[in-house]
Amino acid sequence: MPAVAAHRGSRRSAHPALRFGRLAAMGTVAALILIAGVWGSWGTAQHVMLSKGREQGTMTVTECSGHVCTGTYAPTSTGSQARARVTIDEAVAVRKGRTYTVTVKPGSSDVVRSGPAGVLYAWVPLGGALLLASVVVAGGLRLRRAAWVLAGAGIAQLTATFLLL
């Protein structure tokens with residue numbers, strides 16, 4: 001019987017180690033998902049949120065083909081120059097004939113939507129990451145309340161974006 005008792009003792013000491021390993025692994029996965037969401041969002045968000053000193057104006061969409069729309073740019077900020085042709089990603093929910101407030105990406109003729117709709121659209125990858133991380137937090141970390149908070153934030157961000165665009 002001492003062999004059985006020794007086996008049970010080692011099993012009990014392994015359980016906390018396995019639990020810690022699961023928590024560390026799932027915590028790392030959740031953190032990486034959120035970091036990837038921020039990373040994916042920042043490429044556009046930096047132009048919209050840190051717009052001081054950047055060219056700002058309005059774009060009138062004249063043509064859409066493929067995944068890109070083109071149009072004319074009229075400046076509203078000092079130092080900005082009018083352009084006959086700028087491009088914007090069609091996924092930003094732009095329509096031919098409409099005018100949108102935009103910020104020009106430095107050194108290019110590409111523009112991104114600005115204002116509240118542009119800020120929300122820029123953070124869509126983070127909204128998706130919040131939803132995905134909530135599943136990992138609920139299942140892997142077993143922190144249901146924290147998972148509901150993450151999911152609620154992701155749903156709120158994506159819904160607000162959908163309503164404003």
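Which residues does Ser51 touch, not counting residues up to four places away in sequence? Ser51 touches Gln56 and Thr103, where contact means heavy atoms within 4.5 Å. Ser51 has its place in the loop between helix H1 (2–49) and strand E1 (56–65). Its relative accessible area is 18%, and Ser51 is buried. Buried means under 20% relative accessible area, exposed means over 50%, and partly exposed lies in between (1.4 Å probe, protein chains only).

The structure is a predicted model, in which local features need pLDDT of at least 70, side-chain atom pairs count only at pLDDT 80 or more, and totals for chains, interfaces and linings use all residues. Residues are numbered from 1 along each chain as its sequence is written, and side-chain values use heavy atoms, with hydrogens and water left out.

The chain holds four helices and five strands. Helices (H or I, at least four residues) and strands (E, at least two) are DSSP runs, numbered from the N terminus. Read from the N terminus, the order of elements is α-β-β-β-β-β-α-α-α. The chain is more spread out than a compact globule, because its radius of gyration is 24 Å, well over the 15 Å that the globule rule gives for 165 residues. That radius is taken over C-alpha atoms, and the rule is 2.2 Å times the number of residues to the power 0.38. Along the principal axes, the C-alpha atoms fill a box of roughly 90 × 30 × 25 Å.

Of the 165 residues in the chain, 30% are buried. The chain exposes about 10,200 Å². Carbon and sulfur atoms supply 65% of this area. Accessible areas come from the Shrake-Rupley method with a 1.4 Å probe; for residues, only the protein chains shown count as cover. Contacts were also sorted by sequence distance. Among those between residues at least 6 apart in sequence, 55% join residues at least 24 apart.

Charge was examined next. The chain has 17 positive and 5 negative side chains. The centres of the two sets lie 26 Å apart. Lys and Arg count as positive and Asp and Glu as negative, while His and the chain ends are not counted. The place of a charge is taken as NZ of Lys, CZ of Arg, CG of Asp or CD of Glu.

Side chains of opposite charge can pair when their charged atoms come close. A salt bridge is a side-chain nitrogen of Lys or Arg within 4 Å of a carboxyl oxygen of Asp or Glu. By this rule the chain has one salt bridge. Glu55 pairs with Arg83, and the closest N and O atoms are 3.0 Å apart. The pair links distant parts of the chain. Glu55 sits in the loop between H1 and E1, Arg83 sits in strand E3 (residues 83–89), and the two are 28 residues apart. Glu55 is partly exposed, with a relative accessible area of 22%. Arg83 is also partly exposed, at 23%.

Leu126 belongs to helix H3 (residues 124–139). Leu126 and Gly40 are 86 residues apart in sequence, yet 7.3 Å apart in space, C-alpha to C-alpha. Leaving out residues up to four places away in sequence, Leu126 touches Leu34, Gly37, Val38 and Ser41. Gly118 lies in helix H2 (residues 115–122). With 3% relative accessibility, Gly118 counts as buried. Beyond its neighbours within four places in sequence, Gly118 is in contact with Val48 and Arg113. Gly118 and Ala17 are 101 residues apart in sequence and 46 Å apart in space, C-alpha to C-alpha.

Arg142 is found in the loop between H3 and helix H4 (144–164). Arg142 is not a glycine, but has a positive phi of about 60°. Its relative accessible area is 53%, and Arg142 is exposed. Val149 is found in helix H4. At 60% relative accessibility, Val149 counts as exposed. Val149 and Gly71 are 78 residues apart in sequence and 41 Å apart in space, C-alpha to C-alpha.
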